[in-house]
Amino acid sequence: MAAAVDGPLVPGSPAGADRIVIIPGPWESLSAPGRDVVLTHELTHATVRASTTHSVPVWLSEGFAEYVAYRDVTLPERAVVRPALDAFRRDGLPPALPTDADFDPAHGRLQAAYGSALLLARTIARDGGTAGLVRVYRDVADPPPVWNVPPDDAEARFDAALVHDLGTDRAGLLAGWRARIRSLLAQ
Ligand SMILES: [Zn+2]
């Protein structure tokens with residue numbers, strides 16, 4: 001980890017005092033394009049935190065930050081997510097969407113988890129593009145009151161956004177994600 005967002009977060013309120021901390025050792029080991037990706041990722045988190053009021057599933061937060069960070073990177077997708085593809089080749093296709101625990105540094109597979117999250121964010125953006133992905137994120141973080149979902153349940157808010165914004169459910173999203181992974185593994 002070469003940088004991180006730091007600042008107080010109160011559920012129900014946007015962040016108002018975030019800063020991005022650069023971690024000197026890992027930062028110095030990055031190439032210039034690598035630094036652009038890391039800084040864009042963290043700036044995306046800071047921007048989202050300042051404009052939303054509830055947390056979302058970790059894979060959505062990290063996948064969205066990776067989506068923005070890699071949007072202008074011209075490397076082939078299979079190169080960007082190589083650690084994730086290596087893990088899928090070894091362990092098989094994912095049986096379910098990622099859990100928050102997959103992003104615990106103690107888990108020891110962070111690179112694969114971030115690549116998985118990027119592929120999932122790109123799966124969500126496949127039809128509606130960046131605007132569609134942003135809409136899903138906004139609706140998970142701040143669902144319209146008429147959806148009537150519990151504000152303290154990020155997973156329930158995500159389920160509602162799947163139905164209302166994408167016209168699908170977890171099984172449908174999982175199938176699309178697995179298809180994207182399968183085609184990358186076949187390249
Ligand atoms: Zn992040």
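This is a predicted model: local features need pLDDT of at least 70, side-chain atom pairs count only at pLDDT 80 or more; totals for chains, interfaces and linings use all residues.
**Exercise 1.** Find which residues L173 is in contact with, leaving aside its neighbours within four places in sequence.

*Solution.* Residues are numbered from 1 along each chain as its sequence is written, and side-chain values use heavy atoms, with hydrogens and water left out. Contact means heavy atoms within 4.5 Å, and once the neighbours within four places are set aside, the partners of L173 are W59, L97, L120, T123, I124, F158, L162 and T168.

**Exercise 2.** Determine which residues coordinate the zinc ion, and whether H41 and H45 are buried or exposed.

*Solution.* First look for donors, that is, N, O and S atoms within 2.8 Å of the metal (3.2 Å for Na, K and Ca); because water is not among the atoms, sites may look incomplete. The zinc ion is coordinated by NE2 of H41, NE2 of H45 and OE of E62, at 2.0 to 2.1 Å. Along the chain, these donors follow the spacing H-x3-H-x16-E. Next, consider accessibility, where buried means under 20% relative accessible area, exposed over 50% and partly exposed in between (1.4 Å probe, protein chains only). H41 has 7% relative accessibility and therefore counts as buried, and H45, at 12%, counts as buried too.

**Exercise 3.** Work out how many residues each domain gives to the contact between domain 1 and domain 2.

*Solution.* Take the bounds, which come from an automatic or database domain assignment: domain 1 covers 1-53 and domain 2 covers 55-185. The contact then takes 9 residues from domain 1 and 14 residues from domain 2.
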